[in-house]
Amino acid sequence: MNQAAATVAAQWQQVLAYGDDRVDPAVPRTAYAQPRLRELYPAVSHGTLFLSRCTELPGSFVPVVYRKAEGGYQVTAHGRGRLGEVDTLAEAFALVVANLPEGCGPAVIGTADDVPT
């Protein structure tokens, strides 16, 4: 396993171990079930899971899943806006996968400037 893959795997283990005081545990578990998302670097802020194509800030973030107050989930991409609204986390993360940037591969060590274009 290369350094980037090891760093991502270690961060996933930490995020998957978070209690519900940090994030709904179903959120990282559902994202981790998607093989393409499992290769991205996870971080949690304000109860939301963010996935980046790199391990440092500034990140190169992929679409984000937000829980809607009235139920269901909204998927939003920076610079593109709302991608859709769905009922389940599985549908939400499938929408994230469907909207990954062209050529999106495993996270790299470094910042957004280090992500291949």
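Visitor: Where does methionine 1 lie relative to helix 1?
Guide: In this predicted model, methionine 1 belongs to the segment before helix 1, which covers residues 3–16.

Visitor: Is methionine 1 buried or exposed?
Guide: Methionine 1 counts as exposed, because its relative accessibility is 80% and the cut-off for exposed is over 50%.

Visitor: And what does methionine 1 touch, leaving out residues up to four places away in sequence?
Guide: With those set aside, methionine 1 is in contact with Ala6 and Ala9.

Visitor: What separates the C-alpha atoms of methionine 1 and alanine 43?
Guide: A distance of 21 Å lies between these two C-alpha atoms, and the residues are 42 apart along the chain.

Visitor: On to the strands. How many bridges join strand 1 to strand 2?
Guide: There are five bridges between strand 1, residues 41–45, and strand 2, residues 48–52. The two strands run antiparallel.

Visitor: Which residue in strand 2 is the bridge partner of proline 42?
Guide: Proline 42 is bridged to leucine 51.

Visitor: What is found in the turn of that hairpin?
Guide: Two residues sit between strand 1 and strand 2. Histidine 46, in the turn, has a positive phi of about 50°.

Visitor: Changing topic, which strand holds threonine 76?
Guide: Threonine 76 is part of strand 4, which spans residues 73–77.

Visitor: Which side chain has a polar contact with that of threonine 76?
Guide: The side chain of glutamine 74 does, at 2.9 Å.

Visitor: What else does threonine 76 touch, beyond four places away in sequence?
Guide: Threonine 76 touches Pro63, Val64 and Tyr66, as well as Gly81, Arg82 and Leu83.

How values were computed:
Residues are numbered from 1 along each chain as its sequence is written. This is a predicted model: local features need pLDDT of at least 70, side-chain atom pairs count only at pLDDT 80 or more; totals for chains, interfaces and linings use all residues. Side-chain values use heavy atoms; hydrogens and water are left out. Two strands pair if DSSP finds at least two bridges between them. Helices (H or I, at least four residues) and strands (E, at least two) are DSSP runs, numbered from the N terminus. A polar contact is a pair of N or O atoms within 3.5 Å; within protein, one must be able to donate a hydrogen and the other to accept it, and residues adjacent in sequence count only if both atoms are side-chain atoms. Contact means heavy atoms within 4.5 Å. Buried means under 20% relative accessible area, exposed over 50%, partly exposed in between (1.4 Å probe, protein chains only).
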